[in-house]
Amino acid sequence: MRIGILGSGLMGGKLGTLFARAGHEVVFSYARSQEKLNRLARDARGNARAGTPREAAEEADAVLLAVHWSRMDDVLKQAGDLSGKVIVTCSLPMNADNTELVVAHMSSGAEALARKVPKARIVSAFNTVPSELLFGVFQARRKAARPSLVYCGDDSASKGIATALIRDLGFDPVDAGPLRIARYTEPFALLVAQLAYEGKGGPELAYRFERFD
Ligand SMILES: NC(=O)c1ccc[n+]([C@@H]2O[C@H](COP(=O)([O-])OP(=O)(O)OC[C@H]3O[C@@H](n4cnc5c(N)ncnc54)[C@H](OP(=O)(O)O)[C@@H]3O)[C@@H](O)[C@H]2O)c1
C-alpha cells in the first residue's frame with residue numbers, strides 16, 4: 001500500500017519506518033524540518049520519501065495521522081481534500097501539557113476528527129501502544145504469541161486496511177467495534193502510558209477478554 005504519514009514525530013516516524021520495512025510505500029510529512037523528513041526517509045531502508053502533507057495524502061491508500069491535538073487543524077488544512085481517504089489516527093485529544101484529554105466521556109478525538117473531515121473514513125488505531133515498543137514488536141513479529149492491539153471504526157473496508165497494517169507491524173488486531181468506542185480506547189491509552197512509564201519494577205499490562213453469550 002501507499003501510506004502517507006501526517007506527523008513524523010515519535011509515532012509517525014517509527015510507524016512510517018516500520019510500514020516501509022514491511023514493504024509499503026511511505027511518504028513522510030509534517031515535521032519542523034525538511035532535513036528530519038529526509039533523514040527518516042533515508043533511514044527507513046525501504047520505499048520511503050519525504051514530501052508535503054498534500055503529497056503524502058495524494059493517492060495514498062491510507063494516511064496515518066500522528067500529530068498533537070493542537071496541530072490537527074493545521075495538518076488537515078495542509079493535507080487538502082481528504083474526502084474518501086482512509087485515515088488511521090493514533091492521535092489523542094490531549095491538552096497543551098499532555099496531562100488531560102480535552103475530548104472525553106461523551107465523545108472522543110476520533111469522533112471529533114470524523115466531524116472535521118466528514119467524508120473521510122476514520123479508523124482509530126495504534127494509540128494504545130507507546131512508541132518505544134513498536135520496533136521490538138516488529139522484530140518479534142513472526143512469533144506465535146503476538147501482543148493485541150485494539151482498533152475501532154465505522155467503515156469495514158478501512159478497517160480491513162488498518163487490520164493489515166496492524167498485522168504487518170507484529171500485532172494481533174482486535175476489532176473493538178464502531179468509532180464511538182474510541183471514547184473508551186482513548187482513556188485506555190492513557191492508562192497504558194501511565195503504567196508503561198513507571199519504569200523497571202512497574203506492572204506489566206496483560207489482559208484477556210471473555211465473551212459472554
Ligand atoms: N508518543 C507515543 O508513544 C504516543 C502513544 C500513543 C498516542 N500518541 C499520540 O500520537 C500523536 C503524535 O504523538 P507523538 O508522540 O508522535 O508526537 P510528536 O513526537 O510531537 O510528533 C508530532 C509531529 O508533528 C510535528 N509538528 C509539530 N508542530 C509542527 C509544526 N508547527 N509544523 C510542522 N510540524 C509540526 C513534529 O515535528 P518535529 O518532528 O520537528 O518535532 C512531529 O513530527 C499525539 O496525538 C499523541 O497523543 C503518542
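The protein is built from 8 helices and 8 strands. Keep in mind that you're looking at a predicted model. There's also a ligand here, and the largest pocket is where it sits.

**Overall shape**
- The C-alpha trace stretches over about 45 × 35 × 35 Å along its principal axes.
- Why call the protein a compact globule? With 213 residues, such a globule would have a radius of gyration near 17 Å, and the protein's value of 16 Å agrees with that.

**Who's around the ligand**
- The ligand has 20 residues surrounding it, and Met11, Arg32, Lys36, Val67 and Ser131 are the closest.

**Backbone contacts to the ligand**
- Ser131, one of the closest residues, has a polar backbone atom 2.8 Å from an oxygen atom of the ligand.
- Leu92 also brings in its backbone, with a polar atom there lying 3.0 Å from a ligand oxygen.
- For Ser8, the distance between a backbone N or O atom and an oxygen atom of the ligand is 3.2 Å.

**How covered is the ligand?**
- On its own, the ligand would expose 880 Å², and the protein buries 78% of that area.

Note on methods
Residues numbered from 1 in each chain as written. Predicted model: local features only at pLDDT ≥ 70, side-chain atom pairs only at ≥ 80, totals over all residues. Heavy atoms only, no water. Near = heavy atom within 4 Å. Polar contact = N/O pair within 3.5 Å; in protein donor to acceptor, adjacent residues only side chain to side chain. Areas by Shrake-Rupley, 256 points an atom, 1.4 Å probe, with all protein chains shown as cover. 1 Å grid on protein atoms, 1.4 Å probe; cavity = no way out; pocket = protein on both sides within 12 Å on 5 of 7 lines; lining within 4 Å. Sits in = over half its atoms within 2 Å of the grid points. Helix = DSSP H or I, 4+ residues; strand = E, 2+ residues; numbered from the N terminus. Rg over C-alpha atoms; globule rule 2.2 N^0.38 Å.
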